[in-house]
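Me: I am new to this structure and would like to go through some points of its backbone. Please show it first.

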Amino acid sequence: MSENLREVIGRVLPAPENHLSPELLDKARKARRSFMGKALAMGAGAASAVVGGKALAAEDGEDAILKLPEHTTGLGQPVAARGYGMPSKWESNLQRRESPGLTRVSQASVSFCPLQGLFGIITPSGLHFERHHQGWWDIDPSQHRLMVHGLVKRPRVFTMDDLMRLPSVSRIHFIECGANTAMEWGNVAVPTVQYTHGMISCSEFTGVLLSTLLDMCGIDRKKAKYVLAEGADGSSMTRTIDLERALDDVIVAWGMNGEMLRPENGYPLRLVVPGVQGVSWVKYLRRIEVGDQKWATKDEAVHYIDLMPDGTHRQYTGIQECKSVITSPSGGQTLLDRGYYNVTGLAWSGRGSIKAVDVSFDGGRNWRPARLEGPILPKAFTRFNIDWVWDGKPAILQSRAIDSTGYVQPKINQLRAVRGTRSIYHNNAIQSWLVSENGEVSNVQVY
């Protein structure tokens, strides 16, 4: 057991993600040093009892222990009261949220995953981030088809039943929008980790390897160099994928986290391209064409490109480089006590697995190795933890990930030296959180 656990175990007031009123937050801040104030801020009610004018310790006289609640003395809900299980009503504050004003219409927008409230590495399907270019659909799987054609000997059209009877694989991978953390290129733009890094999720995907389908269709291995994936939604999303990657770990997936894909995530069929930006994970997949050159479609010739400092556009830069972020404590949260905190976060790399994560509490002057939780998988989230005792003084928290290739996550000034400040995509810079003396955590940039 860590020596630090002998300290007071600190508590964190969650970020105000539209579920705590300004009045309650103000009252909690004013009474932060008060024990009752802390309890109110945490929504815990009174944490001690008073008998004969004498305050009792919680373990001696707390009503929550001494008085049996209704759920201990009554009959609960029947088996299968809900045909499909739902989260507790007490957890209704944890939601994916759209950033107001990000796009003109919500059908072509993003919902951000609440990273600050998740555990482990798997994102619940109902909290998986969304990115749509023309809204989502709930497509009848019996009518959906996948065509494979182009430089193949035997063009084929597959039904969902055809695909789901083929040998399948189940693998855990992260999916990150190329524009994740985009708003932080120029300066601090948003307050919480949900909005700075929430265009990412990690799930178990089930489907048939694309290489299996290409082999079934007799791919022309002499001429073929690329495949084109096309979706069936109104935007007709189309993306070029090089053949080496297509024959490696790309999955034509129908399952996510042990069930069928959710409609928001591409039901009934989507492409899974591990390590590559989410726009290549084409949803509502309807067509795979094999060709000998890149297609330069609208969403790869005009969008999802990197604007370099000299004005040139860097294209086909889809791999998501090594990245990490501390999710707790993080922006918008408040530390209520001096004492011990388990600092935790997530790391990932599109080029392999996470080898190590270092954490700094002084803005990058000194670093300590964090603990990596298992499993540590390629192109998937890795959860990290580290002990920290907060002494009430200002601190700047950072995490720095190193992947299996030896690549080290850069500082924001290092990235800007190469990429400038006018980029939109592929920001994998180190994130900084400032813990102020009053315990409030805010988004800052440290060079």
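This is a predicted model: local features need pLDDT of at least 70, side-chain atom pairs count only at pLDDT 80 or more; totals for chains, interfaces and linings use all residues.

Reply: Residues are numbered from 1 along each chain as its sequence is written, and side-chain values use heavy atoms, with hydrogens and water left out.

Me: In which loop is Pro 268 placed?

Reply: The peptide bond from Tyr 267 to Pro 268 is cis, with omega near 10°. Helices (H or I, at least four residues) and strands (E, at least two) are DSSP runs, numbered from the N terminus. In those terms, Pro 268 is in the loop between β14 (259-260) and β15 (270-272).

Me: What is omega for the cis peptide bond that joins Gly 374 and Pro 375?

Reply: Pro 375 lies in the loop between β24 (371-372) and β25 (382-390). For the cis bond joining Gly 374 to Pro 375, omega is about -5°.

Me: Is Thr 181 buried or exposed?

Reply: Thr 181 is not a glycine, yet has a positive phi of about 70°. Its loop runs between β9 (169-176) and α7 (193-197). Buried means under 20% relative accessible area, exposed over 50%, and partly exposed in between (1.4 Å probe, protein chains only). With a relative accessible area of 5%, Thr 181 is therefore buried.

Me: Why does Ala 296 count as partly exposed?

Reply: Ala 296 also has a positive phi, near 55°, in a residue other than glycine. Ala 296 is in the loop between β16 (285-291) and α10 (298-301). Ala 296 counts as partly exposed because its relative accessibility is 44%.
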